[in-house]
Amino acid sequence: MELVWKKASAADLELLTESRVETLRAANGLSADADMEAVRAASRRYYAQALACGTHAAYLVFDGEKLVGTGGVSFFEVMPTVCSPSGKKAYIMNMYTHPLYRRRGIAKKTLDLLIAESRAHGADSVSLEATAMGRPLYESYGFTAMEHEMEYVL
């Protein structure tokens, strides 16, 4: 097994889109026949725009020609705060490792690359949503649960 990490570019648009759909299916326990066309189209638009303007970075992990892992980070800005003086933040998403490749350090190395991207973009903090499976990795990395954040779904 010779793994290769590749920073994604616009040339990888279809691969990124399909990996996003696969990740969402796995994270949400969706069947292979669940209709994902709206998510697929929106994800393709998102990647095309965000990669072009530099507000998203993604890594693809290959074993030969086979895609075995992914991870991405989006960059955004909010008003400066005491905890985030620059207001620059990063949000990690789409972390996924194919089941046959888990427990081999793929997610950890991908996370290292995404944290480095976040630092390079000047982010003060990095956040993410963790599945039960991913939580031990993120906690061992130093991520902590957020106490005060809330969400209102529109």
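A search of the whole structure finds zero disulfides, a disulfide being a pair of cysteine sulfur atoms within 2.5 Å. The structure is a predicted model, in which local features need pLDDT of at least 70 and side-chain atom pairs count only at pLDDT 80 or more, while totals for chains, interfaces and linings use all residues. Residues are numbered from 1 along each chain as its sequence is written, and side-chain values use heavy atoms, with hydrogens and water left out.

**Cysteines**

- C53 counts as partly exposed because its relative accessibility is 42%, where buried means under 20% relative accessible area, exposed over 50% and partly exposed in between (1.4 Å probe, protein chains only).
- C83, by contrast, has a relative accessibility of 72% and therefore counts as exposed.

**Helix 2**

- Helix 2 takes in residues 37–53, and its 17 residues reach 25 Å from the first C-alpha to the last, close to the 24 Å expected at 1.5 Å a residue; the expected span is 1.5 Å times one less than the number of residues, and helices (H or I, at least four residues) and strands (E, at least two) are DSSP runs numbered from the N terminus.
- The buried residues of helix 2 are R40, S43, Y47, A50 and L51, and they cover an arc of only 115 degrees around the axis, which puts them on the same side of helix 2; the arc is that of the directions from the helix axis to the C-beta atoms.
- The cover over these buried residues includes helix 1 (13–28), strand 2 and strand 4, whereas the face of helix 2 turned away from its buried side carries the exposed residues A38, R45 and A52.
- Just after helix 2, G54 takes a positive phi of about 80 degrees.

**Helix 3**

- The 15 residues of helix 3 (residues 106–120) should span 21 Å at 1.5 Å a residue, and the end C-alpha atoms are 21 Å apart, which agrees.
- I106, T110, L111, L114, I115, E117 and S118 are buried in helix 3, and these residues fall within an arc of 160 degrees when seen down the helix axis, so they line one face of the helix.
- An α-helix has 3.6 residues a turn, so residues three or four places apart point the same way.
- Among the elements that cover the buried residues of helix 3 are strand 1 (3–7), strand 2 (56–63), strand 3 (66–77), strand 4 (88–97), strand 5 (125–128) and helix 4 (135–141).
- On the face turned away from the buried side, helix 3 carries the exposed residues R119 and A120; R119 has a relative accessible area of 64%, and its C-alpha atom is separated by 9.7 Å from that of K89, 30 residues apart along the chain.

**Nonpolar cores**

- The largest nonpolar core has 14 residues, of which V73, I92, M95, L111, L114, Y138 and F143 touch the most other members; such a core is a set of buried Ala, Val, Leu, Ile, Met, Phe, Trp, Tyr and Cys residues joined through side-chain atoms within 4.5 Å.
- Strand 2, strand 3, strand 4 and helix 3 each supply at least two residues of this core.
- Apart from this core lies another, of eight residues, among them A8, L13, Y47 and L51.
- Not counting residues up to four places away in sequence, V73 touches T55, H56, A57, A90, Y91, I92, L114, E117 and S118, contact meaning heavy atoms within 4.5 Å.

**H56 and its surroundings**

- H56 is found in strand 2 and is buried, with a relative accessible area of 5%.
- A polar contact of 3.0 Å joins the side chains of H56 and S74; a polar contact is a pair of N or O atoms within 3.5 Å, of which, within protein, one must be able to donate a hydrogen and the other to accept it, and residues adjacent in sequence count only if both atoms are side-chain atoms.
- A polar atom of the H56 side chain also lies 3.1 Å from the backbone oxygen of V73.
- Beyond residues up to four places away in sequence, H56 touches Y46, Y47, A50, L51, G72, V73, S74, F75 and M93.

- N94, which lies in strand 4, has a positive phi of about 65 degrees although it is not a glycine, and N94 is buried, with a relative accessible area of 6%.
- R103 lies in the loop between strand 4 and helix 3, has a positive phi near 65 degrees, and counts as exposed because its relative accessibility is 79%.
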